[in-house]
Amino acid sequence: CDSGFGNATAKHLDALGFEVFATVLDLLGDGARELQRTCSPRLTLLQVDITQPQQVQQALLDIKAKLGLKG
């Protein structure tokens, strides 16, 4: 969600009131900073390189922990 379609989708879903989990390659990157600046607290950024299975697994655990029984 650093840029392009993912970034636009994350912003749109956030604006509609959804709880959004957006993955970025770098939490300090321009795309991540823009999402943090323009979106509500419902948007959670996760640093994930999808070529790294352990990062994908950690993202799943983080999402489950945040959602708890709601998910």
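When I say two residues touch, I mean contact: heavy atoms within 4.5 Å. With that in hand, hello everyone, and let's start at L43. Which residues does L43 touch, not counting residues up to four places away in sequence? The partners of L43 are A10, D14, V20, A22 and L35.

A quick word on the source: this is a predicted model, where local features need pLDDT of at least 70, side-chain atom pairs count only at pLDDT 80 or more, and totals for chains, interfaces and linings use all residues. Residues are numbered from 1 along each chain as its sequence is written, and side-chain values use heavy atoms, with hydrogens and water left out.

Now to the core. A nonpolar core here is a set of buried Ala, Val, Leu, Ile, Met, Phe, Trp, Tyr and Cys residues joined through side-chain atoms within 4.5 Å. Buried means under 20% relative accessible area, exposed means over 50%, and partly exposed is in between (1.4 Å probe, protein chains only). The largest nonpolar core has 9 residues: A10, V20, A22, V24, A32, L35, C39, L43 and L45.

Next, the charged pairs. Side chains of opposite charge can pair when their charged atoms come close. We call it a salt bridge when a side-chain nitrogen of Lys or Arg is within 4 Å of a carboxyl oxygen of Asp or Glu. How many salt bridges are there by this rule? The count is 4.

One of them joins E34 and K11, at 2.3 Å from N to O. This pair links distant parts of the chain, with E34 in helix α2 and K11 in helix α1, 23 residues apart. E34 is partly exposed, at 24% relative accessible area, and K11 is partly exposed too, at 27%.

Another pairs K66 with E19, with the closest N and O atoms 3.9 Å apart. Here K66 sits in helix α3 (residues 53-67) and E19 in the loop between α1 and β1, 47 residues apart.

R33 and D30 also form a salt bridge, at 2.5 Å between the closest N and O atoms. Both lie in helix α2, 3 residues apart, about one turn of the helix. Is D30 buried or exposed? D30 counts as exposed because its relative accessibility is 59%.

Key: Helix = DSSP H or I, 4+ residues; strand = E, 2+ residues; numbered from the N terminus.
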